[in-house]
Amino acid sequence: MTASATGHSGAASLEFRGVTKRYDPGTNGPGAVNDLSFHVPAGAICVLVGPSGCGKTTSLKMVNRLIEPSAGEILLDGVNVQSVEVTALRRRIGYVIQQVGLFPHLTIGRNVAVVPGLEGWSKARQRARTLELLSLVGLDPARYENRYPTQLSGGERQRVGVARALAADPPLMLMDEPFAAVDPIVRERLQDEFLRLQRELAKTILFVTHDIDEAIKMGDLIAVMAEGGHLAQFGQPDDILARPASEFVARFVGADRGLKRLSLRTIADVEVEPLGNIDGLPAFPHDTKLRDALAMLLVADTRGGVALDADGRPRGVVTVDGIACALGDAVPLRTAG
Amino acid sequence: MNGEPLVRWDWIFAHTGPILDRVGQHLYLAVLAVAIGFAISFVLAAIAIRRRRLYPLVTLLATAVYTIPSFAMFAALVVVTGLSTFTAEVPLVLYTFVLLVPNIVAGFDSVPQDVLDAADGMGYTAGQRWWRVELPLAIPLVVSGLRLATVSTIGLVTVSAILGNQFGGLGYYILDGYHRTFTTEILVGGLLSIALAVLADFGFVLLQRLLTPWSAARAAAR
């Protein structure tokens with residue numbers, strides 16, 4: 001990360017311990033959460049995913065205490081969030097929501113500077129941080145700083161939402177379906193950019209989505225939640241795809257979970273055959289997702305494609321069989337980034 | 001007709017001093033009524049927002065008051081409170097409720113829920129949220145309520161002329177002109193009252209633009 005106007009406060013670990021939220025006594029209505037326990041190490045993205053009404057948003061809102069749990073505790077860097085003064089807690093936690101919730105009466109610059117303003121930073125420091133963050137999320141400060149939210153597209157607004165949440169350099173970010181309101185093309189670009197950003201920032205992130213593909217793409221860890229607010233499975237994306245813990249999880253991740261696992265791997269993960277004659281074979285850069293490579297091989301009707309290494313040199317020939325083998329447990333998944 | 005011209009300019013020029021005094025009185029009665037009406041309406045609206053079940057009752061009362069003819073209310077109040085500025089102000093204040101309360105409530109209702117959620121999630125205290133988010137976003141509808149109430153009150157002030165010579169603002173000239181069958185006076189009272197209302201309306205449009213620069217940005221974006 002480039003020189004920041006703020007100190008870098010790093011990331012915090014997050015732990016749910018037996019967290020329960022009951023609405024109607026004795027029943028489990030939508031949004032209820034039942035004995036949720038999991039641990040997210042500092043700097044990881046944990047995705048809460050599940051069907052609507054499974055309590056994922058409730059779980060997220062219990063972290064910044066927009067909702068108070070009925071039982072259990074949530075620890076931020078080992079400290080129970082309920083022991084922290086609520087506004088101080090919230091200012092230390094970035095919060096991004098689906099509808100963005102930008103303040104329509106404030107310029108983009110002042111929207112980004114909201115939490116620093118609440119925290120009493122000097123005007124000069126607020127402005128320096130605002131300009132830094134707008135650049136960070138890919139918005140030219142000179143063009144956007146003095147505009148109002150209504151003058152921006154949905155994708156631009158969501159970038160501002162991310163910048164605003166990052167403003168006071170919080171050790172934890174809560175993101176509630178942050179990319180669900182934009183069209184699929186913009187969504188994919190925002191996801192990619194956010195992952196690139198996260199590689200620099202290494203924040204701890206709790207991310208809610210109902211979309212299993214988004215969960216697999218964004219998550220270092222995934223918590224699959226079932227109706228009634230139960231934790232159905234917790235683990236790395238590849239684990240959950242390879243070994244669903246229950247019929248529910250298997251159904252939720254989909255019959256194509258094998259193909260989904262391929263999107264977690266790249267050409268660099270696959271065993272190759274000797275080059276031989278490679279005339280007319282398609283070439284795959286080392287970071288091509290195996291899912292895309294397979295799709296191309298099936299269409300290309302060739303014996304395989306040329307796998308390139310990180311320097312762009314041919315490494316060997318990759319075949320459909322080779323890709324299938326990459327899903328075997330013998331080949332360990334290289335963790336990206 | 002006796003050959004008298006429709007407008008006797010010599011009369012107007014001979015009475016500029018008293019006419020200006022009446023303009024001043026007219027504005028005083030109107031501004032005071034709107035200011036008091038706004039303060040009370042804000043309290044009523046605040047109650048209606050917190051206790052939603054009371055809102056229909058508040059609206060019902062405000063509307064019921066509004067159905068009383070102004071002429072009748074001034075006349076009836078004289079019996080109770082005598083000939084005083086207080087008597088002139090009470091009906092004017094009461095009539096503002098029906099325009100102000102619903103606009104203030106609608107103004108605060110218009111603040112989007114996602115904006116309130118974001119404000120809470122970012123760590124605004126309740127007070128900060130009210131002053132820095134809810135109030136500014138309610139301004140457009142609150143100001144349009146004030147605009148309506150002011151224009152309507154400026155018109156109604158003329159009716160208070162029935163309380164006697166020392167009331168009524170420009171309404172004095174309308175009533176006096178009627179009694180004396182003197183068109184010039186009626187026109188001076190009526191037209192100046194209209195001019196005041198138009199100016200006030202224009203003033204609120206300007207005020208609204210100054211207070212809510214983001215609304216202009218929205219219009220330009222379309």
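**Reading a two-chain model: a tutorial**

Student: Is Val31(B) counted as buried, partly exposed or exposed?

Tutor: Val31(B) counts as partly exposed, because it has 14 C-beta neighbours inside 10 Å. A residue needs 20 or more such neighbours to be buried, and 12 or fewer to be exposed. Please bear in mind that this is a predicted model.

Student: Where is the place of Val31(B) in chain B?

Tutor: Val31(B) belongs to helix α2 of chain B, which covers residues 16-50. A further reference point is Ala62(B), 31 residues apart from Val31(B) along the chain; the C-alpha atoms of the two are separated by 20 Å.

Student: How many residues of chain B are in contact with chain A?

Tutor: In this model 17 residues of chain B are in contact with 18 residues of chain A. On the side of chain B that touches chain A, α6 (113-122), α7 (126-157) and α10 (213-221) each supply at least two residues. Of the elements of chain B, α6(B) gives the most to that side, with seven residues. By class, the side of chain B that touches chain A has 10 nonpolar, three polar and four charged residues.

Student: Which residues have the most contacts inside the largest nonpolar core?

Tutor: That core has 122 residues, and those with the most contacts inside it include Cys46(A), Phe207(A) and Val101(B). Helix α5 of chain B, residues 85-109, contributes the largest share of this core, 11 residues. Apart from it lies another core, of 13 residues, among them Leu262(A) and Ile323(A).

Student: Which residues does Cys46(A) touch, not counting residues up to four places away in sequence?

Tutor: Cys46(A) touches, among them, Val40(A), Leu206(A), Phe207(A) and Leu221(A).

Student: In what order do the four strands of the open sheet in chain A lie?

Tutor: First, the general idea: strands of a sheet pair through backbone hydrogen bonds, either parallel or antiparallel. In chain A the four strands of the open sheet follow the order β2-β1-β4-β5, and the pairing is antiparallel. The edge strands are β2 (33-40) and β5 (79-80) of chain A, each of which pairs on one side only.

Student: Over how many bridges do β1 and β2(A) pair?

Tutor: Strand β1 of chain A, residues 14-21, pairs with β2(A) over five bridges. Glu15(A) stands opposite His39(A), which lies in β2(A). Helix α1 of chain A, residues 56-63, packs on the sheet and touches β1, β2 and β4 (71-76) of chain A; its direction makes about 120° with that of β1(A).

Student: Which domains does the domain assignment of chain A give?

Tutor: The assignment gives domain 1 (14-256) and domain 2 (265-326). Taken over C-alpha atoms, the centres of these two domains of chain A are separated by 36 Å.

Student: What value is phi of Glu177(A) near?

Tutor: Phi of Glu177(A) is near 45°, a positive value. Glu177(A) is found in the loop between β7 (172-176) and α8 (184-201) of chain A. Glu177(A) is partly exposed, because 19 other C-beta atoms lie within 10 Å.

Student: What value is phi of Thr181(B) near, and is Thr181(B) buried or exposed?

Tutor: Phi of Thr181(B) is near 50°, a positive value in a residue other than glycine. Thr181(B) is found in the loop between α8 (171-180) and α9 (183-211) of chain B. Thr181(B) is exposed, because it has 10 other C-beta atoms within 10 Å.

How values were computed. Residues numbered from 1 in each chain as written. Chains lettered and ligands numbered in written order. Predicted model: local features only at pLDDT ≥ 70, side-chain atom pairs only at ≥ 80, totals over all residues. Contact = placed C-beta atoms within 7 Å. Nonpolar A, V, L, I, M, F, W, Y, C, P; charged D, E, K, R; others polar. Core = buried A, V, L, I, M, F, W, Y, C linked by C-beta atoms within 7 Å. Pairing = 2+ DSSP bridges. Axes fitted to C-alpha atoms, helices over the stretch in contact; angles between N-to-C directions. Domains from an automatic or database assignment.
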